[in-house]
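Work through the exercises below with the structure open. Try each task before reading its solution.

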Amino acid sequence: MKLIVFGGTGRTGSAVLKQGVDIQDLEITAFVRNPSKIPSNVRRRLMKVVTGSVLNQDDVTNALVGQDAVISCLGTALIGGEHQLMSEGIKNIVNGMRENGVKRVALVGSAAFLPGAPGAFITKRLASDHGNVIEFLRKAKDVDWTIAMPPFITQAPEVGNYKTAINKLPGASRAKAQDIAYWMLTCVQDDEEMRENTHQMVGISSHYDSGALISAKGLFVLGVIVSCVTLYFYYN
């Protein structure tokens with residue numbers, strides 16, 4: 001399979017590239033603005049690195065030539081930057097997929113947009129562009145898309161235990177980037193997994209040992225406090 005990854009230099013995107021180069025018969029193209037941000041030990045094992053902007057339709061469409069599937073780890077800027085980078089980027093990706101006959105895409109969203117998500121009144125406003133993406137994709141019936149909806153994203157040295165559930169958060173209020181990456185890579189390669197999750201928002205939660213330094217609830221409260229502070233300075 002030929003897979004192109006957008007947003008491969010962020011936390012989750014880096015995990016996708018790192019895991020993906022170890023998968024046999026998976027040829028990965030990384031589409032990035034700054035190739036130097038990809039670690040050299042990963043970059044040399046990629047099929048190709050394309051330098052471009054997801055806001056440029058021609059860049060995106062040309063990069064999608066010959067690809068079989070897409071993973072997007074585009075994010076949103078809370079302060080500064082392009083606040084509609086994610087939604088405009090996804091529009092360009094889907095348009096490029098249509099132009100090239102690519103049907104399958106997995107992307108990262110936010111658990112704030114799942115029904116009953118805790119703290120959604122804050123995080124939805126901070127991550128409003130995620131809502132724009134969902135609204136756009138719901139109309140894209142001709143594309144097989146699925147959205148991984150993690151809560152607070154953390155780092156870990158390797159893939160652990162995790163749970164997924166359609167349209168709800170299945171467990172802890174945090175998910176490891178490595179677990180999210182593993183699920184998306186599995187989804188785009190496995191026909192049955194993709195079929196079960198096509199046109200769905202999929203909550204994902206990682207399992208943490210009970211002896212962790214900070215509980216999931218504690219981490220969530222901390223996240224809400226940080227979000228409130230960020231929201232205050234952003235809108236004042």
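**Exercise 1.** In this predicted model, find out how Arg 45 is classed by relative accessibility: buried, partly exposed or exposed? Then examine its salt bridge with Asp 22.

*Solution.* 
- Step 1. Take the value for Arg 45: 45% relative accessibility. Buried means under 20% and exposed means over 50%. Arg 45 therefore counts as partly exposed.
- Step 2. Check the distance. The side chains of Arg 45 and Asp 22 meet at 2.8 Å, N to O. A salt bridge needs these atoms within 4 Å.
- Step 3. Arg 45 sits in the loop between α2 (40-43) and β3 (48-51), and Asp 22 in the loop between α1 (11-20) and β2 (27-32). The two are 23 residues apart, and the pair links distant parts of the chain.

**Exercise 2.** How many salt bridges does a search of the whole structure find? Describe the ones made by Glu 88 and Asp 191.

*Solution.* 
- Step 1. The search of the whole structure gives four salt bridges.
- Step 2. Start with Glu 88. Its side chain meets that of Lys 91 at 3.5 Å, N to O. Both residues lie in helix α4 (residues 85-100). They are three residues apart, about one turn of the helix.
- Step 3. Class both residues. Glu 88 has a relative accessible area of 30% and is partly exposed. Lys 91, with 31%, is partly exposed.
- Step 4. Turn to Asp 191. It forms a salt bridge with Arg 104, and the closest N and O atoms are 3.1 Å apart. Asp 191 belongs to helix α8 (residues 191-197) and Arg 104 to strand β5 (residues 104-108), so the pair ties together parts 87 residues apart in sequence.
- Step 5. Class this pair. Asp 191 is partly exposed at 47% relative accessibility. Arg 104 is buried, with a relative accessible area of 17%.

**Exercise 3.** Which residues touch the most other members of the largest nonpolar core? Trace where the core comes from.

*Solution.* 
- Step 1. In soluble globular proteins, nonpolar side chains tend to be buried together.
- Step 2. The largest nonpolar core has 33 residues. Phe 6, Val 70, Ile 90 and Leu 137 touch the most other members.
- Step 3. Find the suppliers. At least two residues each come from β1 (2-6), α3 (57-63), α4, β5, α6 (128-137) and β6 (144-149). Helix α4 gives the most, with six residues.
- Step 4. Zoom in on Leu 137. Beyond its neighbours within four places in sequence, Leu 137 contacts Ile 90, Val 94, Leu 107, Trp 145 and Ile 147.
- Step 5. Look elsewhere. Another core, of 30 residues, lies apart from the largest one; among its members are Ile 28, Val 42, Ile 71 and Met 194.

**Exercise 4.** At what angle do α1 and helix α7 (residues 177-189) pack? Name the kind of crossing.

*Solution.* 
- Step 1. The angle is about 55°, and the axes are 8 Å apart.
- Step 2. Helices α1 and α7 are therefore oblique to each other.
- Step 3. Their crossing is right-handed.
- Step 4. List some of the residues in contact. Helix α1 contributes residues including Arg 11, Ala 15 and Gln 19. Helix α7 contributes residues including Ala 177, Ala 181 and Leu 185.

Notes:
Residues numbered from 1 in each chain as written. Predicted model: local features only at pLDDT ≥ 70, side-chain atom pairs only at ≥ 80, totals over all residues. Heavy atoms only, no water. Helix = DSSP H or I, 4+ residues; strand = E, 2+ residues; numbered from the N terminus. Buried < 20%, exposed > 50% of the residue type's maximum accessible area, 1.4 Å probe, protein only. Core = buried A, V, L, I, M, F, W, Y, C linked by side-chain atoms within 4.5 Å. Contact = heavy atoms within 4.5 Å. Axes fitted to C-alpha atoms, helices over the stretch in contact; angles between N-to-C directions. Parallel < 35°, antiparallel > 145°, perpendicular 65-115°, else oblique. Left-handed = near helix turned anticlockwise from the far one by under 90°.
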